[in-house]
Amino acid sequence: MRFIEIILLILGILTPFLISSKKVSLNKIIPLGIILVSLIAHALLEGLRWQNPEIKAGINIDGAQWGNMVDTFFTKPFMWLSSDWPETHPNFNEVAYQNGSTADFYNATIKNSGHSNFTDIPFMINLSAVNESGTIESKQAIHITTELVVGFFNKYLNGETVDLLELGNKNMLLDVEKR
């Protein structure tokens, strides 16, 4: 079984538990991992910036943005979800996303998280000094990420009423701002 088939199988199994009233349309979601990002992220971002009708919305989950984003902006809803990097860490996305979007654009940060908190690494290697997770409990970080990502796509793909700012208000470890 290929990697993408495994991801789609997992999404199919988890969908009833993650989405309350509607099923996720698996042909509208493209899961990206570290290896896949460098190959197709640029094409996806072009679809978000320009008027590609097949791409409705996008999320960058703690990845560094490459390409010519500095001189342009998104035209589709977008969320930049980030770990809680220290001030000394270079923040390339702050420059890349400086123009934001003509549509809804969200910045979200999970407090006390590290880059690997968006993966399963902390569950395999339970030492934050080695696995580059933050001090947040790993299950809590995954729960917050899941709630935010599912809420974002329910709002922009399924047309449901979801207040993403309220998710940040009700969770002390999540900052969400809309610009």
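Mentor: Two strands are said to pair if DSSP finds at least two bridges between them, and a strand is itself a DSSP run (E, at least two residues), just as a helix is one (H or I, at least four residues), both being numbered from the N terminus. The model here is predicted, so that local features need pLDDT of at least 70 and side-chain atom pairs count only at pLDDT 80 or more, while totals for chains, interfaces and linings use all residues. Residues are numbered from 1 along each chain as its sequence is written, and side-chain values use heavy atoms, with hydrogens and water left out.

Trainee: What makes β2 and β3 a pair?

Mentor: DSSP has to find at least two bridges, and β2 and β3 have six in the parallel sense, so they pair. Among these strands' residues, S82 has T109 in β3 as its bridge partner.

Trainee: Why is β2 called mostly covered?

Mentor: Buried means under 20% relative accessible area (exposed is over 50%, partly exposed in between, with a 1.4 Å probe and protein chains only), and six of the six residues of β2 are buried. F78, W80 and S82 point one way from β2, whereas M79, L81 and S83 point the other way.

Trainee: Which residues touch the most other members of the largest nonpolar core?

Mentor: A nonpolar core is a set of buried Ala, Val, Leu, Ile, Met, Phe, Trp, Tyr and Cys residues joined through side-chain atoms within 4.5 Å. Of the 21 residues in the largest one, M79, L81, L148, F152, L164 and L174 touch the most other members. The helix α6 gives the most to this core, with six residues.
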